[in-house]
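Biologist: I'm new to this one, and I'd like a close look at a single part of it. Could you pick one spot, walk me through it, and then show me how the rest fits around it?

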Amino acid sequence: MAGKKIIITGVPGVGKTTVVNEALAKLKDEGITYQSLNFGTFMFEIAQKEGYAKDRDEMRRLGKDVQKRLQQLAAKAIAQIQGNLIIDTHASVKTPTGYLPGLPEWVLREIMPDVIILVETDEDQILLRRLGDETRERDMEGSGGIAEHQQFNRSFGAAYATLTGCTVKIVHNPDFLLEKAVTEMAAVLR
Ligand code: AP5
C-alpha cells in the first residue's frame, strides 16, 4: 500500500509536534491512522552512530556536507516505509553559513510528498515558546530572525511544490487557539 505522505514543517518551537500529535489522536477515533516519523531523529541516529553529534541541536552546526549526507541517508530509510506517513521536519535549517534546504531535490525524489504543511504563528509567540523550553538548546535569535526564517520557509515550500507537484498548506498555530490548528491539520490528513 503506497499511502499518503504528508510533510510537516515549521520553525523550531512553532508547535508542529504538538499540533500533529493532537490531530493524530483525533483521527484515530475515526479509524484513520498514520505512522508519525521525525526526520531529525533519523538523521540524529546516524549522526550519533558515526560520532558527529551528541544531541539533536548540535546537528545544525555540523558542516554542510555532513548535514547533506545525513539528510540523504534519512530520506532513503524513510522511503522504505509503507503506508500513511507523517514526516515531521524542516523546510529549511538555519546554519552558521545560511539557510540549508531541509528537502533538497534528492530528498524530495525519495519521499515524493502529497502535501507539505507549514505550521506558522506570530514570531513573538515562537520566541516565548522557545524561551520556555528548558529541555532544548535553542539558537539565540530575536523575533526579527524568526520572522525572516518563516518568510524563507514559504519560498522553500513553493519551490518544493514546483519540483514535486504537491500542495502547500499553511496551518496557523497561535496561542490559545491550538484546537483550531488541530482541526485544520486533521482536515488535511483525512
Ligand atoms: P526537530 O526534532 O524537528 O526539532 P525542532 O525543530 O526543534 O522541533 P521541536 O519538536 O522542538 O519544535 P516544534 O515546532 O515541534 O514545537 P513543539 O510541538 O515541541 O529537529 C531537530 C533537528 O533535526 C533540527 O534542529 C535539525 O538540525 C535536524 N533536521 C530535522 N529535519 C531536517 C532536515 N530536513 N534537514 C536537515 N536537518 C534537519 O512545541 C513547542 C512549545 O510550544 C511547547 O512548549 C508547546 O507546548 C508549545 N505550544 C505549541 N502549540 C501551542 C499553542 N497553540 N499555544 C501555546 N503554546 C503552544
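Modeller: Let's start in the loop between β3 and β4, where you'll find Thr89. Keep in mind that this is a predicted model. Is Thr89 buried or exposed? Its relative accessibility is 5%, and since anything under 20% counts as buried, Thr89 is buried. So what does Thr89 touch, once we leave out residues up to four places away in sequence? The list is Ile7, Ile8, Thr9, Gly10, Lys16, Phe39 and Leu103.

Now follow the chain out of that loop. β4 pairs with β5 in the antiparallel sense, over 4 bridges. The two strands make a hairpin, with 2 residues between them.

Which residues of α3 are the buried ones? They are Gln67, Leu70, Gln71, Ala74, Ala75, Ile78 and Ala79. Around the axis they cover an arc of only 165°, so they sit on the same side of α3. There's a simple reason behind such patterns: an α-helix has 3.6 residues a turn, so residues three or four places apart point the same way. You can check the length of α3 too. The helix has 16 residues, 64–79, and at 1.5 Å a residue it should span 22 Å; its end C-alpha atoms are 22 Å apart, so the two agree.

Let's zoom out to the whole protein chain. It has 7 helices and 7 strands, and from the N terminus on they run β-α-β-α-α-β-β-β-α-β-α-α-β-α. The radius of gyration is 16 Å, close to the 16 Å that the globule rule gives for 190 residues, so the chain is as compact as a globular protein of that length. Its C-alpha atoms fill a box of roughly 45 × 40 × 30 Å along the principal axes. Of the 190 residues, 45% are buried, Thr89 being one of the buried residues. Among contacts with a separation of 6 or more, 78% are between residues 24 or more positions apart. Finally, the accessible surface of the chain comes to about 9,600 Å², and carbon and sulfur atoms account for 54% of that.

Notes:
Residues numbered from 1 in each chain as written. Predicted model: local features only at pLDDT ≥ 70, side-chain atom pairs only at ≥ 80, totals over all residues. Heavy atoms only, no water. Expected span 1.5 Å × (residues − 1). Buried < 20%, exposed > 50% of the residue type's maximum accessible area, 1.4 Å probe, protein only. Arc of directions from axis to C-beta. Rg over C-alpha atoms; globule rule 2.2 N^0.38 Å. Contact = heavy atoms within 4.5 Å. Areas by Shrake-Rupley, 256 points an atom, 1.4 Å probe, with all protein chains shown as cover. Pairing = 2+ DSSP bridges.
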